[in-house]
Amino acid sequence: MRATNIPPAPLALGLAGLLPFVWGVLTMVWDPAAALTLRWVGPRFAGPYVQLAYGTVILSFMSGVLWGFATRARGRIAATGYALSVLPALWAFFMVGGGPVSAAIYLTAGFVGLLGLDWLFWRQGLAPEWWMRLRVLLTGIVAVCLLAIAW
């Protein structure tokens, strides 16, 4: 396996983590999926509700991932890394709210901003070599799914 290949476990888990985003879109465009979801698990697992709730959780989770990367650094780089690592969680807390359209737009902006932080940590050698390949793939799909709420 080349160093730039995404290992199977992070790739599989990352793709599995897209399911709530994709399911949310599916329930917005296909009535049978929405009806099935409403009947079996309730409205918070359909449409924009599942995407926004899960997206907020994942954006906060990614703060923890970045914090973990910061632990690999020393001195000022570590201090800066710790400070930057909390930004996605703070963004989710302060910016994601209101109606579904504005929440989806702010959440999308949060994931795009996170991608910039991913790049910074990766560029400093704190993230694995394959990290950006995975993050670009996942962020692209998440952004399209969230923007479906605004469309």
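I looked up the largest pocket first: 18 residues line it, and Gly-14, Phe-61, Met-62, Arg-135 and Leu-138 lie nearest its centre. Two or more lining residues come from each of α1 (8-16), α4 (47-70) and α8 (131-150). The largest share is that of α8, with 6 residues. I noted the volume as about 360 Å³.

For the record, this is a predicted model, in which local features need pLDDT of at least 70, side-chain atom pairs count only at pLDDT 80 or more, and totals for chains, interfaces and linings use all residues. Residues are numbered from 1 along each chain as its sequence is written, and side-chain values use heavy atoms, with hydrogens and water left out.

A pocket here is an open set of points on a 1 Å grid over the protein atoms alone, where a 1.4 Å probe fits, with protein on both sides within 12 Å along at least five of seven lines; lining residues have an atom within 4 Å of a point. The volume is the space filled by probe spheres set on the points, which are joined across faces, edges and corners.

I sorted the lining by type and got 14 nonpolar, 3 polar and 1 charged. Nonpolar covers Ala, Val, Leu, Ile, Met, Phe, Trp, Tyr, Cys and Pro; charged covers Asp, Glu, Lys and Arg; the others, Gly among them, are polar.

Next, the fold. I found 8 helices and 0 strands in the protein chain (DSSP runs numbered from the N terminus: helices are H or I, at least four residues; strands are E, at least two). The radius of gyration is 16 Å, close to the 15 Å of the globule rule for 151 residues, so the chain is as compact as a globular protein of that length (taken over C-alpha atoms; the rule is 2.2 Å times the number of residues to the power 0.38). The C-alpha trace spans about 55 × 40 × 25 Å along its principal axes.

Beyond four places in sequence, Gln-51 touches residues including Pro-20, Leu-107 and Cys-145 (contact means heavy atoms within 4.5 Å).

Trp-67 is also in α4, but it counts as partly exposed at 43%. Outside four places in sequence, I list Tyr-82, Ser-85 and Val-86 as its contacts.

Conventions:
Buried means under 20% relative accessible area, exposed over 50%, partly exposed in between (1.4 Å probe, protein chains only).
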